[in-house]
Amino acid sequence: MTLLISCFAAIAATILWYTNANARKMKIGTLCFMYWGAALMWLVDAVAAYLEASADLFCPSAEDMLHDSFLGFSAIALGLAIWLAIVLVKDPMGTIRSALMRKHNG
């Protein structure tokens, strides 16, 4: 589930980055790299688990699937939090800078 969730997030972020010029200004490319890196990490983990457990890997219990889903969504949320921090620090649209200037001048 972690691989599937991270792949869906990476594909969605990539489509958003590719189709929207404003998304490129908002550093969505960084989010794409984080999600594709997570997907690659989970792919390597799945291959290693397959080599270790072979066919048992394809019959997880419901509890394991729930834990993997929680881990996948947690990784996506962490990526979003890191991206949000980057956007707030870089301020690509200048909104924070202009709000501070209005407060300072007003």
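Q: In what order do the elements of the protein chain run from the N terminus on?
A: In this predicted model, the elements run α-α-α-α-α from the N terminus on, and the count for the protein chain is 5 helices and 0 strands.

Q: Why is Ser69 called buried?
A: Ser69, which lies in helix H4 (residues 62-90), has a relative accessibility of 13%. Buried means under 20% relative accessible area, and Ser69 therefore counts as buried.

Q: Which residues is Ser69 in contact with, leaving aside its neighbours within four places in sequence?
A: Ser69 is in contact with Met1 and Ile5, where contact means heavy atoms within 4.5 Å.

Q: What radius of gyration does the protein chain have, and what would a compact globule of 106 residues have?
A: The protein chain has a radius of gyration of 19 Å, whereas a compact globule of 106 residues would have one near 13 Å. Taken along the principal axes, the box that the C-alpha atoms fill is roughly 65 × 25 × 15 Å.

Q: How many of the residues in the protein chain are buried, as a percentage?
A: Buried residues make up 22% of the 106 residues, and the chain exposes about 7,700 Å², of which carbon and sulfur atoms supply 71%.

Q: How many positive and negative side chains does the protein chain have, and how far apart do the centres of the two sets lie?
A: There are 7 positive and 7 negative side chains, and the centres of the two sets lie 36 Å apart.

Methods: Residues are numbered from 1 along each chain as its sequence is written. This is a predicted model: local features need pLDDT of at least 70, side-chain atom pairs count only at pLDDT 80 or more; totals for chains, interfaces and linings use all residues. Side-chain values use heavy atoms; hydrogens and water are left out. Helices (H or I, at least four residues) and strands (E, at least two) are DSSP runs, numbered from the N terminus. The radius of gyration is taken over C-alpha atoms; the globule rule is 2.2 Å times the number of residues to the power 0.38. Buried means under 20% relative accessible area, exposed over 50%, partly exposed in between (1.4 Å probe, protein chains only). Accessible areas come from the Shrake-Rupley method with a 1.4 Å probe; for residues, only the protein chains shown count as cover. Lys and Arg count as positive and Asp and Glu as negative; His and the chain ends are not counted. The place of a charge is taken as NZ of Lys, CZ of Arg, CG of Asp or CD of Glu.
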